[in-house]
Amino acid sequence: MPGMDVFGAEERKEVMDVLESTCLFRYNHEHLRNGMWKSRELEEVTATYTGAKYAHAVSSGSTAVSTMLASAGIGFGDEVIVPPFTYIAPIEAVLWAGGLPVFAELDETLCLSAEGIEKAITPNTKAVLLVHMCGAAANMDEIVAVCEKHNLTLVEDCGQAMGAFYKGKSVGLFGKAGAFSMDFFKITTAGEGGLCITNSEEVYHNMEQISDHGHDHIGDNRGMEQHPILGTNFRMGELNGAVGLAQMRKVGDIRAAKLKNKAYIKSRLAEVEGITFRHMDDEEGDSGTFLNFFLPTQEKAQSAAKQLAEDGLGGFNYWFTNMYHFINQWDHLKELRSPAKMAIHHLGAPQDYKNLELPKSQEVIGRLISLGVKSTWTEEEMKSFADQMVASIKKVG
Ligand SMILES: Cc1ncc(COP(=O)(O)O)c(C=O)c1O
């Protein structure tokens, strides 16, 4: 649940700094900015928190994924293995890059499985775009091994996973690069915003140049800068940078509060017979953003989701049918609906998207319900919520 729950004087101060300076642009204009560089500072705080050598802020999580793909050399005609359960942004990013998405199976980690990836590899596979869904990491030991074995570029969409780690390492640092979202709904928000991280100097320079028309950002005269490569405008503005900076300074505290609250709700949910939980290879690395649980069957999960809504309990997502995060709902993708031709229209889809068979993903997502965990719940609120939740789910047997 979103970082805006903890908006306070810190966010207001950072925004006022920018408004008072009048410098809403993230680069140059030293004479206006009173020494303040909010987007740059956001990048520094992010690099420190994640342990990345480099962080680069952009305008959204979606443009962060596009920036990451282009910076990692993924583009026209490349087959990219993707999951069928994700917000659709990374699939669109592959298509906009001129790439060809290839769907593979996930497992109870809610992310692509190494086995699923391996089965989807063809001679044209260039990369794996892994999505760390619902606040926690995929099984990175196995996924890194399969990518190395087949010489595939690994890039990570961490749009929902700021604050998630795997065996001590932040998500986003297992392959060439990672991309995070700071939209309104995320653990830390900039209103709209995104962050790319990498340990590669070359990939970092690609990121900062691609997201600003290829500017090399050397010197203090923007008009005279060189443009080593082509790019576009995915820049973050300073107002968003200011909010994002205040939020990223709080990420450790927000995460700790979520984890504490999640542990309580999870312990209460464990009272209900038949409930199991999302598999995490490294539970300690969880960001606490979502409590993901399974019912024994798809029918039971559907009934439980309905019952929770009928009983007026908010914050639950049943992605299988009613959320826009699962392939079953993506008719526009299956029909490749677009006003302009993309590479996939010329090259042909690498899979028959309309008749894809992904039985494991259907089975897992069919049984899944996710609860967004709030960092601001009081003990009383949590207890009352948990009592009602348990009673509601028990009604469906
Ligand atoms: C996994 C994932 N990737 C990318 C995005 C896109 O982020 P944004 O909304 O900031 O463009 C989202 C947004 O929810 C997401 O969940």
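Hi everyone, let's start with strands 10 and 11: strand 10 (residues 276-277) and strand 11 run antiparallel as a pair, joined over two bridges. Strands are DSSP runs of E with at least two residues, helices are runs of H or I with at least four, and both are numbered from the N terminus. Two strands pair if DSSP finds at least two bridges between them.

A word on the source: this is a predicted model, where local features need pLDDT of at least 70, side-chain atom pairs count only at pLDDT 80 or more, and totals for chains, interfaces and linings use all residues. Residues are numbered from 1 along each chain as its sequence is written.

Back to the strands. Thr 276 sits opposite Phe 294 of strand 11. With strand 13 (residues 368-372), strand 11 makes an antiparallel pairing over five bridges, and there Leu 368 is the bridge partner of Phe 294.

So, why is strand 11 largely enclosed by the rest of the structure? Because five of the five residues in strand 11 (residues 290-294) are buried, meaning 20 or more other C-beta atoms, placed from the backbone, within 10 Å of a residue's own. Phe 290, Asn 292 and Phe 294 point one way, Leu 291 and Phe 293 the other, and all are buried.

Key. A residue is buried if 20 or more other C-beta atoms lie within 10 Å of its own, exposed if 12 or fewer, and partly exposed in between; C-beta atoms are placed from the backbone.
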